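Reader: Hi, can we go through this one together? I'd like to start with how the chains meet.

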There are 2 protein chains.
Amino acid sequence: MGVGLALDLRHGCVDINMGAGGLASERLLQELFLPAFDNVALQSLGDGAVVPMPPGRLVVATDAHVVSPIFFPGGDIGGLSVHGTVNDVAMMGARPLYLSASFILEEGFPLADLKRVVDSMAAACHEAGVSIVTGDTKVVEKGGADGVFITTTGVGMVEESVGIAPDRARPGDRVIVSGPIGEHGAAVLAQRRELGLETALTSDTQPLHGLVAAMLESGVELRCLRDPTRGGVASALNELARASGVGIALDEESIPVGGEVRGVCELLGLDPLYVACEGRLLAICPADGVERLLQNMRAHPKGEGAAIIGEVVEDRDRLLVLHAPWGGSRIVPMLTGEPLPRIC
Amino acid sequence: MGVGLALDLRHGCVDINMGAGGLASERLLQELFLPAFDNVALQSLGDGAVVPMPPGRLVVATDAHVVSPIFFPGGDIGGLSVHGTVNDVAMMGARPLYLSASFILEEGFPLADLKRVVDSMAAACHEAGVSIVTGDTKVVEKGGADGVFITTTGVGMVEESVGIAPDRARPGDRVIVSGPIGEHGAAVLAQRRELGLETALTSDTQPLHGLVAAMLESGVELRCLRDPTRGGVASALNELARASGVGIALDEESIPVGGEVRGVCELLGLDPLYVACEGRLLAICPADGVERLLQNMRAHPKGEGAAIIGEVVEDRDRLLVLHAPWGGSRIVPMLTGEPLPRIC
């Protein structure tokens with residue numbers, strides 16, 4: 001790459017120089033990252049960012065993103081890397097404020113793809129009301145990584161009155177999901193070249209901080225919140241059951257699963273309960289507030305499909321049990337086999 | 001991997017299941033990460049961590065680490081990933097408090113190596129007085145990444161009175177380096193298999209927050225602080241000169257460079273000014289405080305080799321100029337060619 005020329009964002013590729021901390025690194029920053037992530041803290045170009053914080057307790061969450069393919073129906077690794085971390089912060093009942101972003105790039109990765117990813121991150125930040133205030137970029141030689149990996153870390157603030165935690169579910173509580181499950185995982189799997197399935201499926205990737213804010217405003221006590229990403233609803237609920245020392249009884253018929261997701265899962269021999277969502281949340285709340293909470297959720301555009309899917313029960317073995325409409329039931333364990341690698 | 005057995009931390013390898021969010025992921029967390037990074041926030045196993053913050057302004061810094069080889073004389077990718085981010089936070093004049101850690105692992109990576117890396121991170125955290133409060137682990141298929149990549153993000157607090165920023169250097173200010181330069185980069189390069197150099201060189205990787213605290217206690221106004229990592233002293237000072245709209249005149253004779261570093265650099269045709277440090281800092285302060293600051297730095301174990309290496313000058317072209325002892329001088333530009341990939 002000639003250092004005297006502007007970056008060729010249409011036909012150029014990532015160059016090993018761009019990770020070396022010199023002029024090429026700076027140009028990537030100045031010509032690609034800064035225009036997209038425009039904000040005062042980032043532009044100060046310090047080793048980090050200094051940012052103001054409202055009073056409260058601090059929440060920190062981090063997510064590495066290695067999804068393959070990086071572009072999939074309904075999204076890409078860029079937007080996903082913002083949503084993933086914004087949602088993790090939101091699941092603590094916090095308002096997301098700032099993100100850091102670290103990129104690991106493979107030499108030869110097309111700059112046009114990088115620009116598309118970065119623009120998607122910027123749009124996702126805009127929607128979520130957060131800023132990328134600091135970042136880092138490393139480049140590894142061709143074959144040393146696969147295209148682009150992005151780690152985002154989110155910082156947010158949670159009010160003292162909010163007491164959401166994975167160990168707070170109690171027998172009698174109700175379990176809510178905010179919408180149809182498995183759409184992200186099914187869309188990514190269907191997109192993989194080796195499968196080449198033709199479906200109208202799109203990922204559900206979206207930020208959930210606004211939905212969480214609406215839920216907090218309902219005044220109903222939120223005991224647990226979790227976004228069922230890797231491992232799906234089954235793994236997330238198993239984790240909550242274990243942490244709280246309770247069982248969870250799921251009503252199979254009331255779990256929203258779209259027809260396309262069912263189709264992809266049947267074809268691939270997967271259970272939708274284990275397939276990742278990136279724009280849904282699970283909430284556990286006391287029974288007496290559940291209808292009010294559901295009403296608030298359904299009034300929010302990201303919670304229109306919310307449904308009560310189960311109940312917390314006493315169970316020393318802390319099992320997740322799925323009850324079928326015809327009266328049968330089966331234990332739904334943590335994901336053990338059938339891994340779905342690089343789904344997020 | 002049989003899911004009923006404990007992880008084989010001596011002979012086992014990273015398995016694609018360990019990134020899938022199910023039982024294998026959880027066991028990696030329970031048997032490897034949690035025992036090493038033992039702290040209350042991490043053990044709550046939420047999607048993120050809730051942590052208390054003292055009053056002040058928040059500092060956020062992030063670093064991706066892709067160093068190769070991952071074990072090098074004087075350190076490894078684990079300790080380095082803690083030092084790198086702790087130091088970035090410290091360079092803002094802040095006290096580092098919390099870290100997040102995200103791991104991207106290649107399938108087949110030996111668990112014994114991962115344990116060594118994680119233990120090194122834990123030791124580095126202990127020394128730096130920080131906790132890893134949240135994290136994430138992804139696994140990619142063999143060939144999709146190179147062993148292990150670690151992104152750490154640090155959060156710290158900076159007092160209102162501290163006004164360190166890259167644009168605050170003024171003509172007449174003095175430039176200090178905290179010790180001999182280039183040792184990290186030279187040690188890593190010498191270790192690379194293709195070179196196989198035999199040297200007694202060790203990386204300078206170390207946390208600098210304590211040294212920064214001692215410098216702040218001196219009462220001398222700190223205008224700029226920067227750790228000269230990728231791109232070395234030359235790139236860091238060029239960045240400060242540009243941001244401040246000044247020139248910097250370096251006195252070649254006063255720049256501390258060890259004999260081993262000189263030797264490796266001569267052999268590889270490198271200029272030590274461009275070789276990364278991971279345990280040194282550059283400081284710019286007003287001339288009238290420089291002796292007091294130097295005294296405070298030298299009294300600290302991590303600043304014993306501190307030296308004044310130059311002066312900030314008026315220069316519209318914002319150049320870094322190296323003055324040789326015999327009276328010659330040359331412009332030292334930002335790093336343009338000769339990249340040293342995967343040095344950190």
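**Where the chains meet**

Author: 68 residues of chain A are in contact (heavy atoms within 4.5 Å) with 68 residues of chain B. This is a predicted model: local features need pLDDT of at least 70, side-chain atom pairs count only at pLDDT 80 or more, and totals for chains, interfaces and linings use all residues. Residues are numbered from 1 along each chain as its sequence is written, chains are lettered from A and ligands numbered from 1 in the order written, and side-chain values use heavy atoms, with hydrogens and water left out.

Reader: What area is buried between chain A and chain B?

Author: About 5700 Å², and carbon and sulfur atoms give 59% of that. Buried area is the accessible area (1.4 Å probe) that two parts lose on being put together, summed over both.

Reader: Which residues in chain A lose the most area to chain B?

Author: A:Asp47, A:Leu58 and A:Arg230. Together they make up 13% of what that side buries.

Reader: How many salt bridges cross the interface of chain A and chain B?

Author: The rule finds 6. A salt bridge is a side-chain nitrogen of Lys or Arg within 4 Å of a carboxyl oxygen of Asp or Glu. One joins B:Arg342 to A:Glu141, at 2.9 Å from N to O. Another pairs B:Arg230 with A:Asp136, with the closest N and O atoms 2.7 Å apart.

Reader: Where do B:Arg230 and A:Asp136 sit?

Author: B:Arg230 is in the loop between β9 (224–226) and α7 (232–244) of chain B, and A:Asp136 is in strand β6 of chain A. Helices (H or I, at least four residues) and strands (E, at least two) are DSSP runs, numbered from the N terminus.

Reader: Are B:Arg230 and A:Asp136 buried or exposed?

Author: Both are buried. Buried means under 20% relative accessible area, exposed over 50%, partly exposed in between (1.4 Å probe, protein chains only).

Reader: New topic: strands. What joins β2(A) to β1 of chain B?

Author: 3 bridges, and the two strands run antiparallel. Strands pair if DSSP finds at least two bridges between them. A:Val59 stands opposite B:Val50 in β1(B).

Reader: Back to salt bridges. What does A:Arg57 pair with?

Author: A:Glu160, with the closest N and O atoms 3.7 Å apart. The partners are 103 residues apart in the chain.

Reader: Why does A:Arg57 count as partly exposed?

Author: Because its relative accessibility is 23%. A:Glu160 is at 59%, so A:Glu160 counts as exposed.

Reader: And how many salt bridges are there over all chains?

Author: The structure holds 34.
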